[in-house]
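Take a look at the sequence and the model, then read on.

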Amino acid sequence: MVLAQGNLIGFEINEKTCQISYYNEKESEPQTMEVDGESNQIPLVIGKLRDTWVFGKEAVRLTKVKEGFSVTRLLERGLSGEKFEFGEESYEAVWLLSKFIQMTLQPFQNEEIDGIVFSVPTLSEELARLLRTVALRMNIDKRHIFIQDYKESFCNYLFYQPKELWQYEAALFSCDRNEIKAYMLRHLKPGLGDGKTTFVTVDEVANAQMKELSFVYPVLNEEKARDADKMFVRFVESVFNKRIVSSVFLTGEGFENEWFPMSLRVICNGRRAFMGNNLYSRGACYTAYRKLYMHVEDPVYLSENKLTDQISVNMRVNGQEMWYPLVSWGTCWYESNNQWEVLLKEVKDIELHIESLVEGSMKTEIIPMDKFPSRAEYSMCLQIETLFLDERTCKITVRDAGFGAFFSQTDFQEETIIHLGGNDGKFHSLSMEK
């Protein structure tokens, strides 16, 4: 990675725990914040004893001994808008979630946070809005706040590993204490879009409830562990059936005990395998870097919930002329509202290119500039804004932003409505032909 300024935070969060990875100019790779000698997972619990706020394990202790005040399930309760009473005080769950996240990020309080990416098990518009609200309360630039699911974190983590690890398909097995899920990263068919960009997706290909796992924890029951291992072998073989898999990643608390030696031999047969519990937070860290320091992302992660249309305008960026994406493939529509300030070489109509991956087409939209004042070269500064009205409708507004002390900002503006095609259930048409 090229060195960045400030801190980039990858924040994995689910209903039970959170985990923080970070990257800054002092690091060559993302690092995961240590909580104690046993784990880097922080229980998602906040509490208060008299006038002192605590979080994580200290808050869990308050819950167990029934002292003070403590709250669990902060994500769920934040989404439902719950309130809690403690003494004469009343606290909204959103405020408590914000307080919890701020406390976990205390090690960075004396340093600037340039960007943050939250990684969640399953993404929804409501959850994205909640976490964005929390990050804004920490004075993080709204343009540098992103939310993604575990699958996208896995994908972005792999993008920064050796290419041979995802040359073909790459498998991810996630295991809690009663269920195993299998995901597969695969390439979409070549030639999409400009033909130069690589597009990939991640599918959940199988899952299995394994009651035997409940006997493996907290003390390893050797007989039940062998039964669970045999079941996992069959599960792995069914997932790998007729697939060419370059690498395998194991994550989740269910893999912490060494109960699966037979399965591991199957997994490692001709494949490289890795095990760890910080894949999602590190993947979120890599996403922060990509979003903030790459003008055009390649490879691109797509899913049924991502935009498969791109809106571009011709610009010179860092001395290089390119069709710069105002709205990018692979983003969520509700995270694609942005603003830019640009200098025009000459005041003339602005041409937009709208490219559809699903339809394999490109169309052109023109924003007329005939009503704007005529100015000399590079003295017309415009503010360009994208605003999504819904998942298929993007309003693009161009305003005269003035030019320092030479020209004052005026009321001249133009806007155009772009209707995007969306997936229409056709996302799987982008898959490679078998």
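Where does N139 lie? N139 sits in the loop between helix 4 and strand 11 (145–149). This is a predicted model. N139 has a positive phi of about 65 degrees, although it is not a glycine. Most residues other than glycine have a negative phi, and most peptide bonds are trans. N139 has a relative accessibility of 71%, so it counts as exposed.

**Backbone exceptions**

R50 also has a positive phi, of about 55 degrees, and is not a glycine. Its place is the loop between strand 5 (46–49) and strand 6 (52–55). R50 counts as exposed, at 63% relative accessibility.

A cis peptide bond joins D298 and P299. Its omega is about 0 degrees. P299 lies in the loop between helix 8 (279–293) and strand 17 (300–301).

**Salt bridges**

Side chains of opposite charge can pair when their charged atoms come close. The structure holds 15 salt bridges. The table lists some of them.

| Pair | Closest N and O atoms |
|---|---|
| R129 and E125 | 3.1 Å |
| E169 and R243 | 3.0 Å |
| K348 and E346 | 3.9 Å |

Take R129 and E125. Both lie in helix 4 (residues 125–136). They are four residues apart, about one turn of the helix. R129 is partly exposed, with a relative accessible area of 46%. E125 is partly exposed too, with a relative accessible area of 28%.

Now take the salt bridge between E169 and R243. E169 lies in strand 12 (residues 169–175), and R243 lies in the loop between helix 6 (222–240) and strand 15 (245–251). The pair therefore ties together parts that are 74 residues apart in sequence. E169 counts as buried, at 11% relative accessibility. R243 is partly exposed, with a relative accessible area of 29%.

In the pair of K348 and E346, E346 counts as partly exposed, at 45% relative accessibility. Elsewhere, R290, K291 and E297 are linked in a network of salt bridges.

**A buried arginine without a salt bridge**

What is the nearest side chain of opposite charge to R271? That side chain is E237, 9.0 Å away. R271 is buried yet has no salt bridge. R271 lies in the loop between helix 7 (261–267) and strand 16 (272–275).

The backbone oxygen of I267 is 3.3 Å from a polar atom of the R271 side chain. For the backbone oxygen of N269, the distance to a polar atom of that side chain is 3.2 Å. Leaving aside neighbours within four places in sequence, R271 is in contact with F240, V245, S246, V248 and V266.

Four strands form an open sheet, in the order 19-18-21-22. The pairing is antiparallel. Strand 19 (320–327) and strand 22 (361–367) stand at the edges. Each has a single partner strand, so one side of each is left without a neighbour in the sheet. The twist averages 35 degrees from one strand to the next.

How many bridges join strand 18 (residues 309–317) to strand 21 (residues 350–356)? Five bridges join these antiparallel strands. In strand 21, H353 is the bridge partner of S312.

Conventions. Residues numbered from 1 in each chain as written. Predicted model: local features only at pLDDT ≥ 70, side-chain atom pairs only at ≥ 80, totals over all residues. Heavy atoms only, no water. Salt bridge = Lys/Arg side-chain N within 4 Å of Asp/Glu carboxyl O. Helix = DSSP H or I, 4+ residues; strand = E, 2+ residues; numbered from the N terminus. Buried < 20%, exposed > 50% of the residue type's maximum accessible area, 1.4 Å probe, protein only. Pairing = 2+ DSSP bridges. Axes fitted to C-alpha atoms, helices over the stretch in contact; angles between N-to-C directions. Lys, Arg positive; Asp, Glu negative; His and termini not counted. Polar contact = N/O pair within 3.5 Å; in protein donor to acceptor, adjacent residues only side chain to side chain. Contact = heavy atoms within 4.5 Å.
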